[in-house]
Number of protein chains: 2
Amino acid sequence: MSQEGSPCGPAAARAPLRESPWRASRERLRDRQVKREAVIRAAAHAFNRKGYHNTSLDDIAAALEVSKPTVYYYVSNKEQLLFECFVAGIEPIRAAFREARLMKAPARERLKAVLRHYGRAVASEFGWCMVRAEDQDLAPAMSGHIKALKSEIDQGIRRLLREGMQDGSIHPCDPKMTAFALAGALNWIAHWYRDSHSLSGAEIAEAFISVFESGLTPRQSAESAGAPRHVSARLAR
Amino acid sequence: MSQEGSPCGPAAARAPLRESPWRASRERLRDRQVKREAVIRAAAHAFNRKGYHNTSLDDIAAALEVSKPTVYYYVSNKEQLLFECFVAGIEPIRAAFREARLMKAPARERLKAVLRHYGRAVASEFGWCMVRAEDQDLAPAMSGHIKALKSEIDQGIRRLLREGMQDGSIHPCDPKMTAFALAGALNWIAHWYRDSHSLSGAEIAEAFISVFESGLTPRQSAESAGAPRHVSARLAR
DNA sequence: TAGGATGGCTACCCGCGAGTATGATGCATG
DNA sequence: CATGCATCATACTCGCGGGTAGCCATCCTA
């Protein structure tokens, strides 16, 4: 996805047999897919910079140096464009959950692995669209899809939290609220990560995870410097 | 702000002297202020439900059972309406910082106090507007104001974190990233708190704070139930 | 080389919504 | 009663932007 020169697997594999009469048409199909993705990426960038409502399809077309009907040739309407960006943003997170399910490790480690991917996804070029795809902006059908996908993520986090509380790797907590807190913190990355790209998505995720993991209260099992003296563990009330 | 019957101080104080020829005009002025606030609250509610861009001024006028020019009689334009909602949302947080500055307690407690107010503010009727007031949607002037106010909050949190690390009440951490994580989690409340009002803003803030405070990793200084056994402190890497 | 499929452009339609011109009503003052 | 100010409604302008109609170019296939 970093450059357009990434041919999707099957088409590239069958490229050698040039005698097929369908070669050209398959190539065109692949070209079309590449262009379609370019449109979606251009939309994502525009939404990033100016927001969904402040981006016109003329803007997107201009960024691609084509005209508006060309954009409409690849996507049916603006709403679908947002939806595609959303899916592109959220898919890596779903993949992270599938991956985590195969890990044989305590739930806290599996959760951390998911959150790492989550953070990277939010900091990616589709992060903004994923995070900010509002049900208010979309017709009921798409809104339903998006809600379902978001809920899937949310439930996945809650499940990992519950599993962690069972296997003892996670401190007892309210899974719902905790999942909201974790996801919220990570989602919010999309709001401030546009201009200041001083850190990579992975680095941000790592920093956040370390906060989530140990919390604000100092631990006497000092693993860093710090000298909590007159304030030891829990102070008031 | 909870009801319209809250007369601002000075006007109410001078109400007894009815002989003043300016009484009527002052009363009208107060009425005007009350109505203006009603307009702003109506706007906030509409923005809550449908978002800024999907709310027309006709909608707001209809909600107030007046016509559009009436709305324009109290505010100069839509953008200013959003700005007023933003300020109404963020002001309690600024107040919380001022209040915290007077507290004589470890920084972690002062921070918690601020975060409690923060959470309540985000869950308030202006929370959505405060959180979602985009610089992209506003002219440079207002955008600058908003950015400054947001930055003020951010810097305030960072300062409390640093102070906490100095007085030993807060675990060593990167103040910038940690502030982002805290504010992000709380900001995100505005996204899911619209429909499901099962918890109050204060309750949510409390739940979040307990997550931030102790983190996910179980502590052997068990203050809750739970039996972290085979996984004691820090597991891998 | 004809004919169809693919890909693209110019030029348009049209509705929505921000903002306004104009004037009516009512109330206080003189 | 006349004047003036405050308040609000009807009815409008107008530009932006989503979406489309219709036409042209190219290239593959027969």
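I call a residue near a strand if one of its heavy atoms lies within 4 Å of it. This is a predicted model, where local features need pLDDT of at least 70, side-chain atom pairs count only at pLDDT 80 or more, and totals for chains, interfaces and linings use all residues. Residues are numbered from 1 along each chain as its sequence is written, chains are lettered from A in the order in which they are written, and side-chain values use heavy atoms, with hydrogens and water left out.

**Entry 1: DNA strand C**

I found 18 residues around DNA strand C, and A:Thr70, A:Tyr73, A:Tyr74, B:Leu57 and B:Lys68 come nearest.

Next I checked polar contacts (pairs of N or O atoms within 3.5 Å). A:Tyr73 has a polar side-chain atom 2.4 Å from a phosphate oxygen of DNA strand C. For B:Lys78, a polar side-chain atom is 2.9 Å from a phosphate oxygen. B:Lys68 instead has a side-chain N or O atom 2.8 Å from a base oxygen.

Which helix supplies the largest share of this surface? It is α4(A), with four residues; helices here are DSSP runs (H or I, at least four residues), numbered from the N terminus.

**Entry 2: two helices of chain A**

I then looked at α5 (residues 78–102) and α8 (residues 140–167) of chain A, which pack at about 20° with axes 11 Å apart. Axes are lines fitted to C-alpha atoms over the stretch in contact, and angles run from 0 to 180 degrees between N-to-C directions. Angles under 35 degrees count as roughly parallel, so α5(A) is roughly parallel to α8(A).

Methods: Parallel < 35°, antiparallel > 145°, perpendicular 65-115°, else oblique. Polar contact = N/O pair within 3.5 Å; in protein donor to acceptor, adjacent residues only side chain to side chain.
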